[in-house]
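Trainee: I should like to learn how to read the features of a protein model in an orderly way. May we work through one example together?

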Amino acid sequence: MQTVLFHETIFGPIHSRRLGTSLGINLMPRDGKVCSFDCLYCEAGYNAQGNGTTGIPRHAEVKKQLSAKLKQLKAEGVNIDVITFSGNGEPTLHPEFKTIVHDTLTLRNHYFPEAKVCVLSNATMASRPSVAEALKMVDCNILKLDSAIYRTFKRLNRPVSPNVLPEGIIDDLKQFDGRCIVQTMMVRGEHDGEPVDNTTDEEIDALIAAYTEIRPQEVMLYTIDRPTPERNLQKISPEEMQRIAARIEAAGIKVQVNA
Ligand code: SF4
């Protein structure tokens, strides 16, 4: 199994194909993974690897490290396009997420006022008021929806709680009144002998219906770029990605393709 963990709380800057030059913030352990999903394609590996030994960083430590890194980058003349919450799991699970977002916006305004603050989230915590408030404060509120059909959602994203359903995620995304970007991983393959495919006509129709309800600023479509813990997954070709994007755009939804 391929496992790529971020071994620091503040990491990068790295080049992100979707976001540009990105300084990352990992609010999860530095030697393990914590997530409310367990996606077959997760670049951090499966949850079964465990949550490590370091624990999660407190907000004062994140603030201190981020401030030092931004100061250093400024002094070196290194520019960044974005500060991104991602890393070894789901950032909104951090109990001090809203405070940390507030600190990050303050530091961004001081050191790199042109940079955006983005959160990559699986949206499972978006029903929690403090998380929703924090997500409304950032520049790019990027929330995952890979399938609107339960069978595929369960096989591909493998939510830890059986109570997490695509309908609930879609309802939670609607609360942002369009101030969100929906990211969808397009993939097909199999896991434990069962097919997994969110590129079928049925899947795309269900996603279009969900996007139409959510009314996001845009949909980010992407596909596999690196080795995945489930080896039997296929990258979708650029031509097929464009065909899927065209169907979604025909429904009046803006799409960005990263293939
Ligand atoms: S939601 Fe993100 S971090 Fe969590 S398992 Fe899926 S890809 Fe990995």
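Predicted model: local features only at pLDDT ≥ 70, side-chain atom pairs only at ≥ 80, totals over all residues.

Trainee: Which residues of helix 1 are buried?

Mentor: The general idea comes first. An α-helix has 3.6 residues a turn, so residues three or four places apart point the same way. In this case V62, L66, K69 and L70 are the buried residues of helix 1. These four cover an arc of only 100 degrees around the axis, which puts them on the same side of helix 1.

Trainee: What span should helix 1 have, and how far apart are its end C-alpha atoms?

Mentor: At 1.5 Å a residue, the 18 residues of helix 1 should span 26 Å, and the end C-alpha atoms are 26 Å apart, which agrees.

Trainee: Which residues of helix 4 are buried, and which are exposed?

Mentor: Helix 4, residues 150–157, buries T152, F153, L156 and N157. They also cover an arc of only 100 degrees around the axis, which puts them on the same side of helix 4. Y150 and R151 are exposed on the face turned away from that buried side.

Trainee: Let us turn to strands. Where do the side chains of a regular strand point?

Mentor: In a regular strand the side chains alternate between the two faces of the sheet. Take strand 3, residues 82–86. From this strand V82, T84 and S86 point one way, I83 and F85 point the other way, and all are buried. Strand 3 is accordingly described as mostly covered, with five of its five residues buried. For strand 2, residues 20–26, five of seven residues are buried.

Trainee: How many bridges join strand 2 to strand 1, and in which sense does strand 2 pair with strand 3?

Mentor: Strand 1, residues 10–16, runs antiparallel to strand 2, and five bridges join them. S16 of this pairing stands opposite G20 in strand 2. The two strands form a hairpin, with three residues between them. With strand 3, by contrast, strand 2 pairs in the parallel sense over five bridges, and S22 stands opposite V82.

Trainee: In what order do the strands of the open sheet stand?

Mentor: The open sheet has three strands in the order 8-7-10, with antiparallel pairing. Strand 8 (194–197) and strand 10 (233–234) stand at the edges with a single partner strand each, so one side of each is left without a neighbour in the sheet. Strand 7, residues 188–191, pairs with strand 8 over four bridges, and P195 in strand 8 is the bridge partner of E190.

Trainee: Backbone angles also deserve attention. Where is the cis peptide bond, and which residues other than glycine have a positive phi?

Mentor: The cis peptide bond joins G12 and P13, with omega about 10 degrees; P13 has its place in strand 1. A123 is not a glycine, yet its phi is positive, about 70 degrees. A123 is in the loop between strand 4 and helix 3 (129–137), and it counts as buried because it has 27 C-beta neighbours inside 10 Å. R158 likewise has a positive phi, near 45 degrees. The loop that holds R158 lies between helix 4 and helix 5 (166–174), and R158 is partly exposed, with 16 other C-beta atoms within 10 Å.

Terms used
Residues numbered from 1 in each chain as written. Pairing = 2+ DSSP bridges. Buried ≥ 20, exposed ≤ 12 C-beta atoms within 10 Å, placed from the backbone. Expected span 1.5 Å × (residues − 1). Arc of directions from axis to C-beta.
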